[in-house]
Amino acid sequence: MTTIDTIMIRPSSGPSYNDCARRTIAKAYGFLLRDAGYEPRQLSSSVGAAVGSSVHKAGEYSLHIKMETGDDTGTDNDAIDAAVAEFDARIEDGVIWDDTTPTRNAAQKQIDVMTRMYRSRIVPKLVPVMIERRIELQYKPGFEISGQPDVVASVDDETAIGLRDTKTGVVQRANGAQYGNYAALLKSVHIPVSSITEDFLQRMPVGKSQPEPISKIYDVRTCIALAKATNDRMIRDINTFLETGDIETFAPNPMSMMCGDKYCPLHGTTACPHHK
Ligand code: SF4
C-alpha cells in the first residue's frame with residue numbers, strides 16, 4: 001500500500017464518521033480505498049451542502065463587516081448576492097437535487113429567506129472576534145487536525161467568548177464531534193472558548209414559512225471528549241487498514257439516513273455489501 005506522510009482530519013468528518021465510518025472514508029479519503037484496489041463511485045455534492053455553504057457565505061460577509069466597523073453589517077441584497085455566487089460555484093460540476101430543493105430557482109429563494117433570517121436574528125447578537133480562520137494542529141504521528149471554526153464571538157455585552165456555528169438542513173443533527181475539534185484547535189492558538197452554540201436554520205420547501213432559528217448550546221467538555229474518541233477511533237481504523245487493506249476495518253452503518261445511492265459512493269458496490 002502507498003505510504004502517506006500526513007493525513008488531515010477535518011472536524012466536519014467526525015459526526016459523519018460516527019454515522020457510517022465506511023462512507024466517510026470513501027468520501028473524505030477515497031484515495032486510501034483506491035490505493036487498496038476499491039472503486040468508490042464519483043458523486044456530485046448534495047444541494048443541501050451547497051445551500052448550507054451559501055448561507056455560511058452570507059453570514060461570513062455580514063460578520064466580517066461587523067468586525068471591521070463595529071455595527072454595520074452591509075445590506076441583505078449584497079449578502080444574498082454573495083451567497084448565490086457561492087451556490088453557483090458549488091454546483092458548477094454537478095449537484096444532486098432533493099425533494100426540498102428540486103431546482104436552482106428553489107435554492108435561490110431558500111438562500112434568500114435563510115440569509116435574511118440569519119442576518120436579522122443572529123448577526124445583531126454577535127460581537128465577532130475571529131471568522132473562518134484555518135487552524136492546524138499536530139494530533140498524533142501522521143495525523144493533523146485542520147479546520148476553520150465559523151465564528152468566535154461574544155454575545156451581546158458578555159465578555160466571555162464562544163464558538164458559534166451555523167447549520168442548515170431539513171433536520172437538525174448532532175455535531176458535537178465537530179465542535180470538540182474546533183474547541184481543541186482554538187485552545188491550541190490560545191483562544192479557549194467557554195461556550196459552543198449551533199444556530200440551525202431549517203431548509204424549508206419553497207412556499208412554506210421559514211421557522212425561527214434554533215440556537216442549540218453544547219457542553220464544551222463533552223464535545224472535546226466526543227471529538228477525541230472519534231479521532232482516536234478513526235486513526236486506529238486507518239492505521240489498521242493501511243496494514244491490512246481490509247475494508248471491513250471500517251464499520252458500516254446501513255441504518256444511517258444517508259445509506260443510499262445518492263449519498264454514498266460505496267452504495268451498490270462490492271466495497272459495501274451491507275447496505276439496506
Ligand atoms: S452503503 Fe450504507 S452502510 Fe455501506 S458505506 Fe454506504 S452508507 Fe455505509
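Me: How many residues does helix α4 have, and what is its reach from first C-alpha to last?
Reply: In this predicted model, local features need pLDDT of at least 70, side-chain atom pairs count only at pLDDT 80 or more, and totals for chains, interfaces and linings use all residues. Residues are numbered from 1 along each chain as its sequence is written. Helices are DSSP runs of H or I, at least four residues, and strands are runs of E, at least two, both numbered from the N terminus. Helix α4 spans residues 47-69, and its reach is close to the 33 Å expected at 1.5 Å a residue (1.5 Å times one less than its number of residues), with 23 residues and 33 Å.

Me: Which residue just after α4 takes a positive phi?
Reply: The angle is about 100°. The residue that follows α4 with this phi is G70.

Me: Is E132 buried, exposed or partly exposed?
Reply: E132 lies in the loop between β4 (126-131) and β5 (135-140), and has a positive phi of about 50° although it is not a glycine. A residue is buried if 20 or more other C-beta atoms, placed from the backbone, lie within 10 Å of its own, exposed if 12 or fewer, and partly exposed in between. E132 has 15 such atoms within 10 Å, so E132 is partly exposed.

Me: Is H190 buried or exposed?
Reply: H190 sits in the loop between α7 (176-188) and β9 (196-202), with a positive phi near 65°. Because 6 other C-beta atoms lie within 10 Å, H190 is exposed.
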